[in-house]
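Subject: Structure handover

Hello,

Here is the structure I promised to pass on. Please open it first, then read my notes below.

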Amino acid sequence: MSISKGHFITFEGIDGCGKSTQVKMLVEAMNRIEKKTILVREPGGTTISEEIREILLHRHQSNISDRTEALLMTGSRAQLTYEVIMPNLINGRNVVADRFYDSTLAYQGGGRKLDLDWLIKLNYFATYELEPDVTFFVDILPEEASKRKNKEEDRIEGAGIEFQTLVRNTYLELSIRFKERFIVINGHDTIENIHKSILAELRRRQIL
Ligand code: ADP
């Protein structure tokens, strides 16, 4: 569905791939050239979504079932979409998201092995059928991502190389299935080169 005047750009990848670094650089670059742009982070970004984030990542360590996890993630996303993303897009602001619904497909679909087509439908319901204009998948080997991590891991990040490999492989599948909007970025490149190639792709799509 396209209801918007602003552009909706999402970033995806396994934990530690460098997404947050690139999201911040992109939002700053866009605002410098007066493309009014806001940053949102999943799961979180509204009062309700932050509370759900707390349940998902820090509390109830091992009690959450895979389906509960998928529903809480998409519940958090529904609130963020309704309260923040859609109103900003309608008002002509661009929105850059550090994770959006492909994360559910990669983590709960690939990682936890829930049915992908079912999750795609659940996502459409949660997001009022809003789709990103472009999705940057920052691709990195799980071994490299784990070397980069310097903070205490949350529940999902702590799930190990094998899990991250399943997640990465699902992202690679999604990049073929949704090839119109998916751009695969080599996350092993330098921070500055990655930033430049993201800007180049957005110019090519006449978003910048
Ligand atoms: P994510 O948001 O995907 O978990 P971050 O952006 O937080 O990843 O990056 C994880 C760590 O890796 C940070 O310490 C960051 O400075 C570093 N990093 C990010 N991008 C690169 C890169 N291209 N090369 C080397 N290190 C990077």
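This is a predicted model: local features need pLDDT of at least 70, side-chain atom pairs count only at pLDDT 80 or more; totals for chains, interfaces and linings use all residues.

I start with a helix pair. H4 and H7 pack at an angle of about 130 degrees, and their axes lie 8 Å apart.

Sorted by class, the contact has eight nonpolar, five polar and one charged residues.

How many of the residues of H4 are buried? Eleven of its eleven are, so the helix is mostly covered. The buried set includes Tyr 101, Thr 104, Gln 108 and Gly 109. Among the elements that cover the buried residues of H4 are S1, helix H3 (66-90), H5, S4, H7 and S5. Just after H4, Lys 113 has a positive phi of about 65 degrees.

Helix H2 (residues 47-57) and H3 cross at roughly 160 degrees, and their axes come within 8 Å. That makes H2 roughly antiparallel to H3. The crossing is left-handed. From H2, the contact uses Ile 48, Ser 49, Ile 52, Ile 55 and Leu 56. From H3, it uses Glu 69, Leu 72, Met 73, Gly 75, Ser 76, Gln 79 and Leu 80. By class, these residues divide into seven nonpolar, four polar and one charged.

Take Ser 49 from that contact. Is Ser 49 buried or exposed? Its relative accessibility is 0%, so Ser 49 counts as buried. Not counting residues up to four places away in sequence, Ser 49 touches Pro 43, Gly 44, Ser 76, Gln 79 and Leu 80.

Now the cores. The largest nonpolar core has 38 residues. Ile 9, Phe 11, Leu 26, Val 96, Phe 136, Ile 198 and Leu 202 touch the most other members. These elements each supply at least two residues of this core: strand S1 (8-12), helix H1 (19-32), helix H4 (101-111), helix H5 (116-126), strand S4 (134-139), helix H7 (161-177), strand S5 (182-186) and helix H8 (191-204). H1 gives the largest share, five residues. A second, separate core has twelve residues, including Val 84, Met 86, Leu 89 and Tyr 101.

Leu 202 is worth a click. Leaving aside its neighbours within four places in sequence, Leu 202 is in contact with Ile 9, Leu 26, Val 134, Phe 136, Ile 207 and Leu 208.

Last, Ile 191. This residue lies in helix H8. At 48% relative accessibility, Ile 191 counts as partly exposed. Which residues is Ile 191 in contact with, leaving aside its neighbours within four places in sequence? They are Thr 21, Gln 22 and Met 25. The C-alpha atoms of Ile 191 and Gly 18 are separated by 8.0 Å, although the two residues are 173 residues apart along the chain.

Best wishes

Definitions and conventions: Residues are numbered from 1 along each chain as its sequence is written. Side-chain values use heavy atoms; hydrogens and water are left out. A nonpolar core is a set of buried Ala, Val, Leu, Ile, Met, Phe, Trp, Tyr and Cys residues joined through side-chain atoms within 4.5 Å. Buried means under 20% relative accessible area, exposed over 50%, partly exposed in between (1.4 Å probe, protein chains only). Helices (H or I, at least four residues) and strands (E, at least two) are DSSP runs, numbered from the N terminus. Contact means heavy atoms within 4.5 Å. Axes are lines fitted to C-alpha atoms, for helices over the stretch in contact, and angles run from 0 to 180 degrees between N-to-C directions. Ala, Val, Leu, Ile, Met, Phe, Trp, Tyr, Cys and Pro count as nonpolar, Asp, Glu, Lys and Arg as charged, and the others, Gly among them, as polar. Angles under 35 degrees count as roughly parallel, over 145 as roughly antiparallel, 65 to 115 as roughly perpendicular and the rest as oblique. A crossing is left-handed if the near helix is turned anticlockwise from the far one by less than a right angle, and right-handed if clockwise.
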